[in-house]
Amino acid sequence: MKAGADTRIRIFADLEALSQAAADFLVSLSRDAAVSKGGFAVAFSGGSTPQRFFSLLATSPYREQIAWASMYIFWADERCVPREHPDSNYKLAHEALLSKVPIPEENIHRIKGEKNPEQAAREYEDSLRQFFGTHPFPVFDLIILGVGVDGHTASLFPGTTAVHERTRIALPVYAEVPKPSRVTLTLPVLNNAAQVLFLASGREKAVVLHEIHEDGNPKLYPAGLVRPVHGRLTWLIDRGAASLLAEQTFPR
Ligand code: 6PG
């Protein structure tokens, strides 16, 4: 299955250009939401790819273009470590972005990685239910995801039971590899978002992207199972990650 008509794939020269496009994307969506509904709920991911995107959002001209008081921040996943730990996804976003912009503390809904994974997942589910009030799943305005070379996204790893979850909002993930344990949003939540944005950079992602976008995702990589039911799916990819995609998959 090739990338469907509902999937937009955009290719950029490098991570810098991709990060700028991601920042533009967020600014534009959050402006529309500020007018139409007065608030914007976004879930971030961890990993190395979004770091530059976070830094851009914290600097001009992006910083001034965002209504921080009506921006609500969540995470697609978290590693079960204290929030000061170098592996913490919260710490990554906090240092590069959240500590540098005038966002009210109460707008930041982190996953409590310092707790045991099941408890952290349950508390995160409660806070999502309370914030969104939508049943059975929250409707994020935007979820930003990455993809691993093994096809994982958020902390949904290939071949694990978490990928098949149909009722819970968030789950604990215990695995020998990768450690530490994690908490992740489930696939029904990712697929219930209004917009999902994948960021992928580097040649090491080329094979997995080819399998997802041109081979019909035969290995059922979780990243390839993200297909929002009512929302839109956009992949921002740099040339390295796109190097095995055919010309007709996307307009270059
Ligand atoms: C995490 C993630 C994870 C990440 C991918 C891509 O916390 O590790 O949320 O799903 O997005 O592993 O990571 P890179 O951007 O480092 O390639």
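Biologist: Where is the place of Val 208?

Modeller: Val 208 sits in helix α7. Helices are DSSP runs of H or I with at least four residues, strands are runs of E with at least two, and both are numbered from the N terminus. This is a predicted model, so local features need pLDDT of at least 70 and side-chain atom pairs need pLDDT 80 or more, while totals for chains, interfaces and linings use all residues. Residues are numbered from 1 along each chain as its sequence is written, and side-chain values use heavy atoms, with hydrogens and water left out.

Biologist: Does Val 208 count as buried or exposed?

Modeller: Start with the cut-offs. Buried means under 20% relative accessible area, exposed means over 50%, and partly exposed lies in between (1.4 Å probe, protein chains only). Val 208 has 3% relative accessibility, so it counts as buried.

Biologist: Which residues is Val 208 in contact with, leaving aside neighbours within four places in sequence?

Modeller: Contact means heavy atoms within 4.5 Å. With those neighbours left aside, Val 208 contacts Val 147, Gly 148, Val 149, Gly 151 and Tyr 221.

Biologist: Which residues have the most contacts inside the largest nonpolar core?

Modeller: A nonpolar core is a set of buried Ala, Val, Leu, Ile, Met, Phe, Trp, Tyr and Cys residues joined through side-chain atoms within 4.5 Å. The largest one here has 83 residues. Leu 26, Phe 44, Trp 75, Phe 140, Leu 185 and Trp 235 have the most contacts inside it. Helix α1, residues 15-36, gives the most to this core: nine residues.

Biologist: Which residues other than glycine have a positive phi?

Modeller: Asn 217 is one, at about 50 degrees. Leu 220 is another, also at about 50 degrees. Asn 217 lies in the loop between α7 and β9 (232-238), and Leu 220 is in the loop between α7 and β9 too. Asn 217 counts as buried because its relative accessibility is 6%. Leu 220 counts as exposed because its value is 54%.

Biologist: Which peptide bonds are cis?

Modeller: Look at omega. The bond from Ser 60 to Pro 61 is cis, with omega near 5 degrees. The bond from His 135 to Pro 136 is also cis, with omega near -5 degrees. Pro 61 is in the loop between α2 (50-57) and α3 (62-65). Pro 136 is in the loop between α5 (117-132) and β5 (142-145).

Biologist: With which side chain does the side chain of Ser 201 make a polar contact?

Modeller: A polar contact is a pair of N or O atoms within 3.5 Å; within protein, one must be able to donate a hydrogen and the other to accept it, and residues adjacent in sequence count only if both atoms are side-chain atoms. The partner of Ser 201 is the side chain of Asp 238, at 2.7 Å. Ser 201 lies in the loop between β8 (195-200) and α7 (206-213).

Biologist: Which residues come nearest to the ligand?

Modeller: A residue is near a molecule if one of its heavy atoms lies within 4 Å of it. Of the 15 residues around the ligand, Thr 49, Arg 79, His 152, Ala 154 and Lys 205 come nearest. A polar side-chain atom of Lys 205 lies 2.6 Å from a ligand oxygen atom.
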